[in-house]
Amino acid sequence: MKIGCPKEIKPQEFRVGMTPNAAQEAVARGHEVIIETGAGLGSGFDNADYVAAGAQIVDTAAEVFATADMIVKVKEPQAGERKMLREGQLLFTYLHLAPDPDQTHDLLSSGCTAIAYETVTDASGGLPLLAPMSEVAGRLAPQVGSWTLQKANGGRGVLMGGVPGVGPAKVVVIGGGVVGTHAAKIAAGMGADVTVLDRSLPRLRYLDDVFGGQFKNQYSTAGATAELIQTADMVIGAVLIPGAAAPKLITRAQLSTMKPGAVLVDVAIDQGGCFETSKATTHADPIYEVDGVMHYCVANMPGAVARTSTIALGNATMPFMLALADKGWKQACQDDPHLMAGLNVHAGQLTYYAVGKALGIDVVSPNVVIKA
Ligand SMILES: NC(=O)c1ccc[n+]([C@@H]2O[C@H](COP(=O)([O-])OP(=O)(O)OC[C@H]3O[C@@H](n4cnc5c(N)ncnc54)[C@H](O)[C@@H]3O)[C@@H](O)[C@H]2O)c1
């Protein structure tokens, strides 16, 4: 198969869909890999790295789209990229179609087959191609939060680990899923006094069994949150209710009960945010203050560490990318129901129920299109 990887063109996107290592694995299996010049630069990979892996470099995205049987990317195709997709071509990337009718209609009219990273599943009911980015955002949260806690940045001037004779920062993590667990691990590793809140008892049992010695956990109620935030130096928002906007767990009125210069890091901002006063910010201007409390609400946190994020995403996507290249999408999806869960669009038909429901478009079951 000819596998093409264009340079990402969405503003502030420095990741790339294929690492040189993934290209090398594909080439070793007899596939051709075509990379747009400079596609990996934002993640620290230059053309020579891809050439050494056996890939071919081309000058334009147009050449990648014209030549490749499968396009591997990071972000959803932008309007100009969608015009270059063609019937029978396979697209493997993040799509997030439900809130994006324009993209959905363009993909349907292109005739391509599109498999979305975010809906591929795994045997434990997780989302293996979303998890790496949650791991990155979770581990980054205490790092950016501790920077915001510094006096010059508007924070309380508290050191995460304290020093001998001075206690550590108090960190509250709301939501103990992938983001929350990684955030708590890093905050605890920095020496902070960490408490994780969650509504799932099985999750709290897991956290207690595995991390009981490193951080505390508590059942999440409005009362528990209200009490904990009064003494917190940092609160990390990491909740998710699948398919719904994030619940608002700290109101504006409650900010006055917090310490001046305390920090809110709202990782759930990509789902609308879990603090009433959260509004999405960018890496160029990440923090702002409301009623004396500092807020960090960057919607694409993994972009700050593009190289780590690219490699983490590549590790997760590579086995699926190779299966699609080796077997073709139909056979690969027939062999793996978790990959089939990623099928969103095929030959002008929508194949993902939740997207159809959100956009009022008829859906055909993937089981039907796969047999056609
Ligand atoms: N800003 C970014 O760059 C970025 C990057 C990755 C993920 N995210 C977002 O971070 C959020 C968390 O993602 P995740 O992968 O950890 O999800 P997850 O499903 O693994 O974890 C969410 C957790 O929230 C818990 N929860 C739900 N309601 C709660 C409540 N009221 N109180 C306490 N806990 C509650 C759930 O029980 C679950 O354990 C999502 O909104 C995700 O989109 C943002």
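Q: Which side chains meet in a salt bridge at 2.7 Å, N to O?
A: The side chains of Glu76 and Lys10 do. A salt bridge here is a side-chain nitrogen of Lys or Arg within 4 Å of a carboxyl oxygen of Asp or Glu. This is a predicted model, in which local features need pLDDT of at least 70 and side-chain atom pairs count only at pLDDT 80 or more, while totals for chains, interfaces and linings use all residues. Residues are numbered from 1 along each chain as its sequence is written, and side-chain values use heavy atoms, with hydrogens and water left out.

Q: Where do Glu76 and Lys10 lie?
A: Glu76 is in the loop between β4 (70–72) and α4 (79–82), and Lys10 is in the loop between β1 (2–5) and α1, so the pair ties together parts that are 66 residues apart in sequence. The element names come from DSSP runs, numbered from the N terminus: helices are H or I with at least four residues, and strands are E with at least two.

Q: Is Glu76 buried or exposed?
A: Glu76 counts as buried, at 11% relative accessibility. Buried means under 20% relative accessible area, exposed means over 50%, and partly exposed is in between, with a 1.4 Å probe and protein chains only. Lys10 is partly exposed, with a relative accessible area of 28%.

Q: How many salt bridges does the count come to?
A: By this rule, 11. One of them is between Arg82 and Asp106, where the closest N and O atoms are 2.9 Å apart. That pair links distant parts of the chain, with Arg82 in helix α4 and Asp106 in helix α5 (residues 101–110), 24 residues apart.

Q: And how accessible is Arg82?
A: Arg82 has 11% relative accessibility and counts as buried.

Q: What does Asp291 meet in a salt bridge?
A: Its side chain meets that of Arg252, at 2.9 Å from N to O. Asp291 lies in the loop between β12 (287–290) and β13 (293–296) and Arg252 in helix α10 (residues 252–255), so this pair ties together parts that are 39 residues apart in sequence. Asp291 counts as partly exposed at 42% relative accessibility, and Arg252 counts as partly exposed at 42%.

Q: Which residues do salt bridges with shared partners join into one network?
A: Glu8, Lys73 and Glu81.

Q: Back to Asp291. What is its phi?
A: About 50°, a positive value although Asp291 is not a glycine. Most residues other than glycine have a negative phi. His96 also has a positive phi, near 50°, and is a residue other than glycine.

Q: Where is His96?
A: In the loop between β5 (90–93) and α5. His96 counts as partly exposed, at 38% relative accessibility.

Q: New topic: helices. At what angle do α1 and α11 pack?
A: Helix α1 (residues 20–28) and helix α11 (residues 306–327) pack at about 25°, with their axes 11 Å apart. Axes are lines fitted to C-alpha atoms, for helices over the stretch in contact, and angles run from 0 to 180 degrees between N-to-C directions. The two helices are therefore roughly parallel to each other; angles under 35 degrees count as roughly parallel, over 145 as roughly antiparallel, 65 to 115 as roughly perpendicular and the rest as oblique.

Q: Which residues make the contact?
A: Ala22, Glu25 and Ala26 of α1, and Met318, Met321 and Leu322 of α11. Contact means heavy atoms within 4.5 Å. The residues of this contact divide into 5 nonpolar, no polar and 1 charged. Ala, Val, Leu, Ile, Met, Phe, Trp, Tyr, Cys and Pro count as nonpolar, Asp, Glu, Lys and Arg as charged, and the others, Gly among them, as polar.

Q: What about Thr104, buried or exposed?
A: Thr104 is buried, with a relative accessible area of 0%. It lies in helix α5. Leaving aside neighbours within four places in sequence, Thr104 is in contact with Leu97, Leu350, Val355, Leu359 and Ile361.

Q: Last one: where is Ala238 found?
A: In the loop between β10 (234–237) and α10. Ala238 is buried, with a relative accessible area of 12%. Apart from neighbours within four places in sequence, Ala238 is in contact with Ile174, Gly175, Val179, Gly180 and Cys274.
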